[in-house]
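Thanks for coming, everyone. I'd like to walk you through one model today, starting with charged pairs and then moving on to strands and confidence.

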Amino acid sequence: MMSAVHFFLKACLIMDQPQNFKRWLRFLFFSLLFGVSFGEVRYVLPEEMQRGSVIGNVARDLGLKVTELGARRARVVAEGTGQLCELDTASGNLLISQRIDREELCAQAAVCILQYQLLLEAPLQAHSLVLDIADINDNSPVFAAGDINLDLVESTVLGRRFPLESAHDPDLGTNSIREYKLSPNDHFALEMSTQINGNAYPELVLKKPLDREAKAEHVLKINGIDGGNPVRSGTASIHVRVLDANDNVPVFSQRVYKASVPENSAVGTVILTLNATDLDEGVYGEITYSFSHLSDKLAGVLDMNPLTGEVRVVGLIDYEEASTHELDVQAKDGGGQASHCKLIIDVIDVNDNEPVIEIKSASANIGEDSKPGTMVALINIYDMDTGSSGQVTCTIPDNVPFKFVSEVKNYYMLVTDGKLDRELQPGYNISITATDAGSPSLSSVKVLTIMVNDINDNPPTFMQSEYNANILENQPIGTFVMKVKAEDTDDGPNAKVLFQISRDTNSEVFSFLTINSDTGELFTSRLFDYEQSVHFQIKVIARDGGDPPLSATCTIHVFIKDQNDNTPAVLYPVQSSGFIAEDMVPIEAPRGYLVTKVVAVDADSGHNAWLSYKIIRATRPNLFMVGLHTGEIRTARPFMEEDEQKQTVVVLVTDNGPESLSATATVSIVIGDGLPVLNELFEFVDESQDSDKLTLYLIIALSTVSFLFLLLITGVFYFKLCRQSYVYRSTTASLPIFPTTYCPPSFTDFSHCGTLLNDDRYDSFLTTGSWRGDFRFGANTDTDTLKKRSAAYQKSTLRRISADRASLKVRAGVPHPCYVVK
């Protein structure tokens with residue numbers, strides 16, 4: 001309030017009159033009383049203050065702390081007028097932001113009031129600020145016509161009064177026109193007259209008879225002087241032409257005409273018709289009508305027919321610009337004499353303005369975790385019309401999680417009214433509809449776009465919870481294995497997924513693979529050996545970029561695929577540089593008699609471990625033959641006298657890999673005399689029949705492997721827990737099991753031997769002719785039992801070799817060791 005007093009005293013210094021001071025003091029008292037009663041702050045300030053001038057300290061006058069202004073986003077908003085002032089939140093001062101011209105804002109209204117609102121948010125508070133603009137003497141009186149022409153007949157009687165057009169001064173009160181002065185002359189004097197409405201205007205009074213022959217024209221000067229300090233004045237020239245007698249002036253039927261017209265009336269609408277009469281005849285009785293003074297705005301809105309006096313609408317007439325128009329009308333006869341009247345036109349308001357929607361404050365983004373009741377936008381809605389046409393209702397669609405809350409007239413807070421989920425609805429285009437109560441009603445729509453900000457509320461999701469990957473053994477480090485994929489429905493950094501191998505995985509397995517954290521691509525970080533490990537599993541973690549991050553885990557089962565990287569190993573006969581066991585065969589042995597059997601194994605598995613046997617060198621080339629897949633060495637013909645007693649046969653053992661590997665076995669055979677011929681060792685082998693059977697067996701084996709491969713995924717865990725094996729033994733107790741001395745150390749460990757390995761992914765397989773043998777390896781044979789049996793057999797075999805070579809021959813029919821039973 002102190003600011004109001006400050007500006008009031010400043011205005012009074014400009015007025016500089018005791019009477020005005022008392023009147024302004026009374027006005028200030030009532031203004032202060034009114035402001036306190038209705039919770040508003042009123043400031044009285046003169047117009048034309050410089051920009052940046054302080055109007056008053058709002059914080060002090062409202063009892064607010066200056067720090068609150070910035071924290072609560074305080075701002076000043078106008079109601080229907082331009083923003084002429086602004087708030088300095090740092091000091092709490094209300095400052096002039098634009099030029100304030102009272103005459104432009106309020107024309108000649110007695111009181112010029114500007115209404116503003118001081119808005120504070122969180123919580124929302126509104127204070128009314130009233131600016132009372134005081135007039136200063138900033139305008140000089142102006143005559144509408146710089147030259148006033150009067151035609152007076154020389155017979156004009158003394159004392160005749162000729163009304164003159166008043167000078168126009170936009171200022172009010174003492175700053176408006178106070179007096180008129182006429183330049184010194186002998187024939188005319190200047191006197192003031194008052195209209196019905198109280199407005200004063202000058203009249204030229206004839207004091208001395210005119211004599212056209214003596215002086216046909218008189219030039220006078222009239223000054224309009226206002227009451228301001230300093231004084232301002234305006235000047236016009238009066239040209240009086242002395243005419244012959246025209247002793248009657250036009251007379252209006254009414255001194256004041258009143259009419260009304262609805263705004264937005266069509267062009268050409270007749271408002272009213274003026275009427276003036278002149279008793280003269282001829283040219284002196286012809287009357288023309290015109291407006292004495294018409295502003296630039298009204299010049300394009302109203303027009304008058306100079307002959308009939310009809311006042312018509314020629315432009316857009318708007319109630320909101322001015323509800324009343326007061327005009328001066330002149331009726332002038334052909335002799336130059338004129339009279340004046342007042343025309344008052346009231347504009348009738350119609351509902352021609354749509355409601356105005358102004359977004360005073362809006363948050364373009366809102367977090368999806370916002371609680372119900374969070375303010376999103378502050379909206380000011382008003383209508384320039386009056387009455388019911390200015391009553392506005394505001395709505396938004398029902399299918400959005402927002403609602404309106406209004407605590408201050410014409411101000412609406414848009415707040416959340418439900419849970420937001422960016423993944424379901426990332427943004428909203430809210431149509432705000434404002435509708436007035438006019439008939440017919442008008443409405444306006446404004447779309448407010450609100451984007452929902454993402455929070456990290458969704459963990460990554462793998463496309464599969466488990467993956468299977470196959471790696472060929474012996475692949476170089478850095479070989480691509482597979483790619484895992486995970487998606488995150490969040491947005492931005494929250495959706496950025498990084499991959500890593502879980503450290504919960506076995507510490508040894510953890511280092512087997514590396515992963516590209518960005519793409520999820522897995523690569524080998526070591527060489528894999530199928531014979532060492534056939535399967536392992538790791539866990540991969542997908543973690544997003546949120547804070548805190550969310551994660552998901554998937555399991556990857558990695559299977560090592562076999563390569564043909566192991567050569568066959570000959571178990572029997574033992575290939576030693578110092579000693580090769582000799583096998584005995586009776587000299588009476590017929591063709592097809594089983595002499596011995598080459599036993600070999602391959603550490604690989606599957607087809608890579610299928611072995612084939614072939615004689616590549618012999619003492620007598622056609623004396624012995626070997627089974628292609630059994631390794632059984634039989635006689636190809638009966639023995640003859642010229643055959644050497646000792647025969648050496650070199651057998652080539654090759655596997656079935658894409659690039660086959662081989663080994664050789666040297667067999668030493670002694671032809672003995674007097675050894676019995678055993679019927680169970682005699683059988684003629686038809687190689688062509690074996691070849692046909694081999695094809696059949698291969699088809700059966702391939703079909704079986706394909707079928708079991710389909711059952712691999714579902715049965716892998718079951719077989720791990722429940723796999724069992726057994727050792728099949730022939731009822732013939734005399735058939736041997738090869739001792740450990742015939743096998744490399746790696747073959748005693750059943751988990752590291754390709755042929756003897758218990759691998760659930762590979763089916764059992766038979767080679768052609770294997771059914772004839774009786775020897776079997778079980779996948780889970782107890783190692784200790786095998787060692788015990790091997791040691792016992794070693795002792796027994798050595799005794800038999802030293803005692804009787806013939807009994808070793810009987811036991812030489814050993815089956816193929818690659819016959820694996822699951």
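Let's begin with Arg99 and Glu48, whose side chains meet in a salt bridge at 3.0 Å, N to O. By salt bridge I mean a side-chain nitrogen of Lys or Arg within 4 Å of a carboxyl oxygen of Asp or Glu. This pair links distant parts of the chain, 51 residues apart: Arg99 sits in the loop between β5 (93-96) and α5 (102-106), and Glu48 in the loop between β1 (40-46) and β2 (54-57). The elements are DSSP runs numbered from the N terminus, with helices being H or I of at least four residues and strands E of at least two.

Before I go on, please keep in mind that this is a predicted model, where local features need pLDDT of at least 70 and side-chain atom pairs count only at pLDDT 80 or more, while totals for chains, interfaces and linings use all residues. Residues are numbered from 1 along each chain as its sequence is written, and side-chain values use heavy atoms, with hydrogens and water left out.

Are the two partners buried or exposed, or something in between? Arg99 is partly exposed, with a relative accessible area of 46%, and Glu48 is partly exposed too, at 28%. The cut-offs are under 20% relative accessible area for buried and over 50% for exposed, with partly exposed in between, using a 1.4 Å probe and protein chains only.

The structure holds 23 salt bridges, so let me pick out some others. Arg620 and Glu644 meet at 3.1 Å, N to O. Arg620 lies in the loop between β45 (611-618) and β46 (624-626) and Glu644 in the loop between β47 (632-635) and β48 (646-655), so this pair ties together parts that are 24 residues apart in sequence. Glu68 and Arg72 also form a salt bridge, their closest N and O atoms 3.3 Å apart; here Arg72 is buried at 11%, whereas Glu68 is partly exposed at 23%. There is a network of salt bridges as well, linking Arg161, Glu191, Glu203 and Lys207.

Now the cysteines. How many disulfides does a search of the whole structure find? One, with a disulfide being a pair of cysteine sulfur atoms within 2.5 Å. Its members are Cys106 and Cys112, with sulfur atoms 1.9 Å apart, and both residues are buried. The torsion about the S-S bond is about 60°, so this disulfide is right-handed.

On to strands, which pair if DSSP finds at least two bridges between them. Strand β38 (residues 521-524) has antiparallel partners in β34 (residues 480-483) and β37 (residues 513-515), joined to β38 by three bridges in each case. Phe480 stands opposite Phe523, and Leu513 has Thr524 as its bridge partner. Leu522 and Thr524 make up the covered face of β38, while Glu521 and Phe523 are on the uncovered one. In the hairpin of β37 and β38, with five residues between the strands, Gly520 takes a positive phi near 80°.

Finally, confidence. pLDDT is the predictor's confidence in each residue, from 0 to 100, and the protein chain averages 78, with 80% of the residues scoring at least 70. Over residues 684-689 the pLDDT is below 50, and over residues 723-822 it stays under 50. Please look at those two stretches with that in mind. Happy to take questions!

How values were computed
Contact = heavy atoms within 4.5 Å.
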